[in-house]
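Subject: A structure for you to look through

Hi there,

I am handing over the structure we talked about, and I hope you enjoy looking through it. Have it open while you read, and my notes will follow below.

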Amino acid sequence: MTKRSLRDLPPAALDGKRALVRVDFNVPLKDGAPADDTRIRAALPTITYLREKGARVVLLSHLGRPKGPDATWSLTRIVRDVERLLGTPVEFIADPATGVPATRRLPRGGVALVENTRFWPGEEANAPAFAQTLAALGDFYVNDAFGSAHRAHASTEAVARLLRPAVTGFLMERELRYLGDALDHPARPFVAVLGGAMASTFLLALGFQVGDSLVERDKEDVAKELLAKAGAKLILPRGVVVAPSLARAAERREVPTDRIPADCAVFDIDRSTRLDFRARIVQAKTVFWNGPMGVFETPPFDEGTRAIGEALVEAGKRGATTVVGGGDSAAAVAGLEPKLTHVSTGGGASLELLEGKPLPGVAALEDA
């Protein structure tokens, strides 16, 4: 799955040219301003490289799920943050259909940001006409939005087929290297740590009671099949932390997985499981983690998740490749990123890639 990268383009192909760059600036907003600029920072290496090579950089992104133009989701809300992080003024293009002159006026190294692509129905419809409108804003295309690569939209898929060269940015290249190559041919032992509410469904499939726990009852048969297929390779929690509700954390207690009280729900893994999982993780050569162990947003039910994060760091010190999926998992390892091999920026995209599904936003790019 090797795709042509930005670093494969000769400097002459960049100097003075308009780089149409699909980034993932779909940041969480609080009081109308970005609450977390991680995704903007993740795109900086690609944007900075293009600027240094004399390109005129035109950025495309979506924000939220608006049903047409909606000031709440306008990218004007993040322009100031982008300017601060880049250290340069950013020209705002309110309408891609009339934006071509603005892109041609940009100085070498200049940056423009186009309004939220989802304000136009052609975006999510992957409409050729809207892709044509976007393609007119650039001379070549760079996709650095891994978090949106699993969606075939005009700004991620159709435009890549119209505007050539069409290459990966540095973030996309990293994601494909660690989620694709490292996990296609992992150094073994290879351990996958899967969280979310999955364990309760497997416990149900074993015939255990799970009380009020979050559980996918319609997936019980799938869980039974997986248990039969995986045998000893599938390690379930030995015990869990339960409580009557999140609000009644003071009443929490540890119980074996076959003794979950009917009036309680599972909110974390217990101490014996943390030690068991840690022992397995630190022996591994490749570890992939997706999904927190419990309701990590509500301490004290973050202990299991924190223990897994620390075990990954320890495995990394011993030479393991440690990869964390996006979404909740990325939030769960906040602060540990420098000690892990790779923390993905795409939750859904990382899981679809691991399932072996082709990502439309990647498939449309040129092969190396």
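Let me begin with a question: does Ala-349 count as buried or exposed? Ala-349 counts as buried, because its relative accessibility is 0%; buried means under 20% relative accessible area, exposed over 50%, and partly exposed in between, with a 1.4 Å probe and protein chains only. This residue is found in helix α13, residues 347-354. Leaving aside neighbours within four places in sequence, Ala-349 is in contact with Phe-146, Gly-147, His-150 and Leu-359, where contact means heavy atoms within 4.5 Å. The C-alpha atoms of Ala-349 and Arg-151 are separated by 8.4 Å, although the two residues are 198 residues apart along the chain.

Some words on how to read all this. The model is predicted, so to speak of a local feature a pLDDT of at least 70 is needed, side-chain atom pairs count only at pLDDT 80 or more, and totals for chains, interfaces and linings use all residues. Residues are numbered from 1 along each chain as its sequence is written, and side-chain values use heavy atoms, with hydrogens and water left out.

The whole protein

The protein has 14 helices and 15 strands; these are DSSP runs numbered from the N terminus, with helices being H or I of at least four residues and strands E of at least two. Its radius of gyration is 23 Å, close to the 21 Å that the globule rule gives for 368 residues, so the protein is as compact as a globular protein of that length. That radius is taken over C-alpha atoms, and the globule rule is 2.2 Å times the number of residues to the power 0.38. Along the principal axes, the C-alpha atoms fill a box of roughly 70 × 40 × 35 Å.

Of the 368 residues, 52% count as buried. Among contacts with a separation of 6 or more, 73% are between residues 24 or more positions apart. The accessible surface comes to about 16600 Å², and 51% of it belongs to carbon and sulfur atoms; the areas come from the Shrake-Rupley method with a 1.4 Å probe, and for residues only the protein chains shown count as cover.

The cores

In soluble globular proteins, nonpolar side chains tend to be buried together. Here, the largest nonpolar core has 31 residues, and Leu-6, Phe-25, Leu-50 and Leu-59 touch the most other members. A nonpolar core is a set of buried Ala, Val, Leu, Ile, Met, Phe, Trp, Tyr and Cys residues joined through side-chain atoms within 4.5 Å. At least two residues of this core come from each of β1 (18-22), α1 (38-52), β4 (56-60), α2 (76-86), β6 (111-114) and β7 (140-143). The largest share, 6 residues, comes from α1.

Beyond its neighbours within four places in sequence, Phe-25 is in contact with residues including Arg-39, Ile-47, Leu-59, His-62, Val-82 and Leu-113. Apart from this core lies another one of 22 residues, among them Leu-60, Ile-93, Leu-106 and Ala-135.

Two buried aspartates

Asp-37 lies in the loop between β3 (33-34) and α1, and counts as buried at 16% relative accessibility. Not counting residues up to four places away in sequence, Asp-37 touches Arg-84 and Leu-85.

Asp-302 sits in the loop between β13 (286-290) and α11 (303-317). With 13% relative accessibility, Asp-302 counts as buried. Not counting residues up to four places away in sequence, Asp-302 touches Asp-268, Val-295 and Phe-296.

Backbone details

Most residues other than glycine have a negative phi, and most peptide bonds are trans. The peptide bond from Pro-299 to Pro-300 is cis, with omega near 5 degrees, and Pro-300 lies in the loop between β13 and α11. Another cis bond runs from Arg-164 to Pro-165, with omega near -5 degrees; Pro-165 lies in the loop between α6 (154-162) and β8 (166-168).

As for phi, Asp-31 has a positive value near 55 degrees. Asp-31 is in the loop between β2 (29-30) and β3, and counts as exposed at 78% relative accessibility. Asn-126 also has a positive phi, of about 55 degrees. Asn-126 is found in the loop between α4 (121-124) and α5 (128-135), and counts as buried at 18% relative accessibility.
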